Amino acid sequence: MALSASNPAELPLSVPRVYPAAEAPTRGISVSALMSFFAGALTTFTVSVVGEMPVGEIVLMLVAGWALLCVIFNRAWPGPLLRSRLLWTMLAAQLVGLIAYAASDLYRHSAPHDMARGWARMIFLAIDILAVAYLFGRSRRNFVIFLVGQCLGDLASVALFGPMFGDMWKFGVGAPLTMLVFLTVPLTGPVAAVLAAFGMGYLHFRFDYRSFGGVCAVAGVLLFLKLLPPRSRLWLAPLIFAVAAAGVFAVYQRTQDGRERATRSDIERSAMVEAAFEAVEESPFIGHGSWFSNSNVYENFMIIRHIAAKQARVGGFADPNRETDTMALHSQLLVALAEGGLFGGAFFILFGVALLQGLGRITFVSAWHRLTPVAVLVLLSAFWNLLFSPFSGAHRVYIAVACGLLLLLPELNADARPPFPAQR
């Protein structure tokens, strides 16, 4: 990460090659590549700092500090992505969200510990986004290196500590193996990438990882659309999605076999969404404060879950009258809106719109690139997590990676090609 050397080969084709802080040419692996690898590999491991902080996030904090030093001493942005209007729009939205969180916490008299955790999430997320933008701006290869590191770190964690709940596929090897397949199979051609996407989707349904199975199935549809001539993609999309939905439903029916775990998961997830949505309806502008420490949102969730479980005759949930300090509602968007109000969710609203625009651009506008399949997988996963996952812990890093990819998309298209030479 030399402060003043340049490496035109690593800069995007559409950007003038005059940035003073570009990476120096090297025959070995660059420092930014090493940092990208370690940030990805260590994200799955955590340390207790206010809440659970991924070790990979500490690496990203060091990277962000280095980028700041580059700005101070060079008086220039160390990489083209840090000059992106989208990046600074997202960071401005994150600042609005942080201010809204602070106002909501002061109004609701949130517990100091919960205030610290809530504000830290927002601050760390902004730092992660800046660091990832710096790394991906140094070299587009760092995006792939980060993902490879993340996959290897996930596999190492499973080997060392075992999977959660003893589920080796869903909480162990399923996700990293899928990422590696999406990275490597496209090297053999676009058709193989489409088949691999549908094949991994089927495996995930078979092993009861339904959310990722759905993500892979949608990725397969989007990649199949890219094999079609550009003029026919948009009007064929509804038909292809309808056929794919019917196929996914048939596969889902054949692979579930009335599993109680799936029913319990559905009940818990729907109860979380309902409780968060009711919280947003109750206080759309002020919010309920960080971690709902002075609100009844968690209690409402547990009551909703208890009633739904009783109606479905499914057991195994905690008593609705029992308090818990470790619960997190699984919806980045709804939780931000419920905790900080409309302005508290400013970043996640912008993030969701950017994800949809990015997926639309990849599918209907951009040409084929060898990274198209994994880009689709990352953006689709991020959109699913936006709706149905928390944004604490490792998910902050995943959000930052998706933001970095969104910043890279225009540059990836610079050397993209049609999947078949005859296409125009």
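Student: Which residues does Val374 touch, not counting residues up to four places away in sequence?

Tutor: Val374 touches Phe143, Leu147, Met179, Phe182 and Leu183, where contact means heavy atoms within 4.5 Å. Bear in mind that this is a predicted model, where local features need pLDDT of at least 70, side-chain atom pairs count only at pLDDT 80 or more, and totals for chains, interfaces and linings use all residues. Residues are numbered from 1 along each chain as its sequence is written, and side-chain values use heavy atoms, with hydrogens and water left out.

Student: OK, how many residues are in the largest nonpolar core?

Tutor: That core has 104 residues, and Val374 and Phe143 are among those with the most contacts inside it. A nonpolar core here is a set of buried Ala, Val, Leu, Ile, Met, Phe, Trp, Tyr and Cys residues joined through side-chain atoms within 4.5 Å. Buried means under 20% relative accessible area, exposed over 50% and partly exposed in between, with a 1.4 Å probe and protein chains only.

Student: And which helix gives the most to the core?

Tutor: Helix α15, residues 394-412, gives the most, with 12 residues. Helices are DSSP runs of H or I, at least four residues, numbered from the N terminus.

Student: Switching to charges: how many salt bridges are there?

Tutor: The count comes to 5 salt bridges, each a side-chain nitrogen of Lys or Arg within 4 Å of a carboxyl oxygen of Asp or Glu. One of them joins the side chains of Arg396 and Glu57 at 2.6 Å, N to O. That pair links distant parts of the chain, with Arg396 in helix α15 and Glu57 in helix α2 (residues 55-74), 339 residues apart.

Student: Is Glu57 buried or exposed?

Tutor: Glu57 is buried, with a relative accessible area of 0%. Arg396 is buried too, at 4%.

Student: What does Glu339 pair with?

Tutor: Glu339 forms a salt bridge with Arg121, the closest N and O atoms being 2.5 Å apart. Here Glu339 is in helix α12 (residues 332-344) and Arg121 in helix α4, 218 residues apart. Glu339 counts as buried at 1% relative accessibility, and Arg121 at 5%.

Student: Where do Arg117 and Asp114 lie?

Tutor: Both lie in helix α4, 3 residues apart, about one turn of the helix. Arg117 counts as buried at 16% relative accessibility, and Asp114 at 13%.

Methods: Helix = DSSP H or I, 4+ residues; strand = E, 2+ residues; numbered from the N terminus.
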